[in-house]
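Let's take a friendly walk through this model together. Have the sequence and the 3D view open side by side as you read.

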Amino acid sequence: NREFAASELNVHLTMLPYDKFTPYVYGGAGLNHANQFDKNDIKAQAGFGLEYTVSPSVGVKLYADYNAVLSDDLDYVVAGQRDDHYLKFGLGLNIYIGGNDAKDNDEKRKMRKYRRTQRRIEKM
């Protein structure tokens, strides 16, 4: 029985930053910490998710990611040719602090969208 924690640094790409419902992908590297930081293993992860913006400062997310640990001792069993890997699924809450123009559904966003539409019409 082990207790785990992880530290991660990811690059995050939001597909539709101005919409209330948006998919995203991410990937990066990190550390798995086991048994109160007695054992630390380097890992790489990549994942995808969906976020629904409840308000300009709160979003609910559902995600899945794949983790490849650069160690074969994650489960206390060293066997086979490959290092340990695992999948992680989650449901979470994003809280945006400060100005967040990408998730702000106010008049400024509506005006930007209107101007983009007008420019497209003018180009035709």
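With 40% relative accessibility, Tyr52 falls in the partly exposed class, because buried means under 20% relative accessible area, exposed means over 50%, and partly exposed lies in between (1.4 Å probe, protein chains only). Tyr52 sits in strand E3; helices (H or I, at least four residues) and strands (E, at least two) are DSSP runs numbered from the N terminus.

Before going further, a word on conventions. This is a predicted model, in which local features need pLDDT of at least 70 and side-chain atom pairs count only at pLDDT 80 or more, while totals for chains, interfaces and linings use all residues. Residues are numbered from 1 along each chain as its sequence is written, and side-chain values use heavy atoms, with hydrogens and water left out.

Now zoom out to the sheet. It is open, built from five strands in the order E1-E2-E3-E4-E5 with antiparallel pairing; two strands pair if DSSP finds at least two bridges between them. Strand E1 (4-14) and strand E5 (85-95) are at the edges with a single partner strand each, so one side of each has no neighbour in the sheet. From one strand to the next, the twist averages 25°, taken between N-to-C directions of lines fitted to C-alpha atoms, on a scale from 0 to 180 degrees.

Let's return to E3, which spans residues 39-55. E3 and E4 run antiparallel, joined by 12 bridges, and they form a hairpin with two residues between them. One place to look is Lys43, whose bridge partner in E4 is Val69. Both ends of E3 are worth a visit. Lys39 has a relative accessible area of 25% and is partly exposed; its C-alpha atom is 9.6 Å from that of Phe4, 35 residues away along the chain. Ser55, at 23% relative accessibility, is partly exposed too, and 9.7 Å separates its C-alpha atom from that of Tyr96, 41 residues apart along the chain.

Moving across the sheet, strand E4 (residues 58-69) pairs with E5 in the antiparallel sense over 11 bridges. Here Tyr63 stands opposite Gly90 in E5.

Which residues make the nonpolar surface patch? Phe21, Leu50, Tyr52, Val54, Val60, Leu62, Leu91, Leu93, Ile95 and Ile97 do, covering about 1,100 Å². Patch residues have over 30% relative accessible area and no salt bridge, and nonpolar side chains (Val, Leu, Ile, Met, Phe, Trp, Tyr) are joined within 5 Å. E3, E4 and E5 each supply at least two of the patch residues. In a regular strand, side chains alternate between the two faces of the sheet.

Notes:
Patches are made of residues with over 30% relative accessible area and no salt bridge: like charges are joined within 9 Å, nonpolar side chains (Val, Leu, Ile, Met, Phe, Trp, Tyr) within 5 Å. Accessible areas come from the Shrake-Rupley method with a 1.4 Å probe; for residues, only the protein chains shown count as cover. A salt bridge is a side-chain nitrogen of Lys or Arg within 4 Å of a carboxyl oxygen of Asp or Glu.
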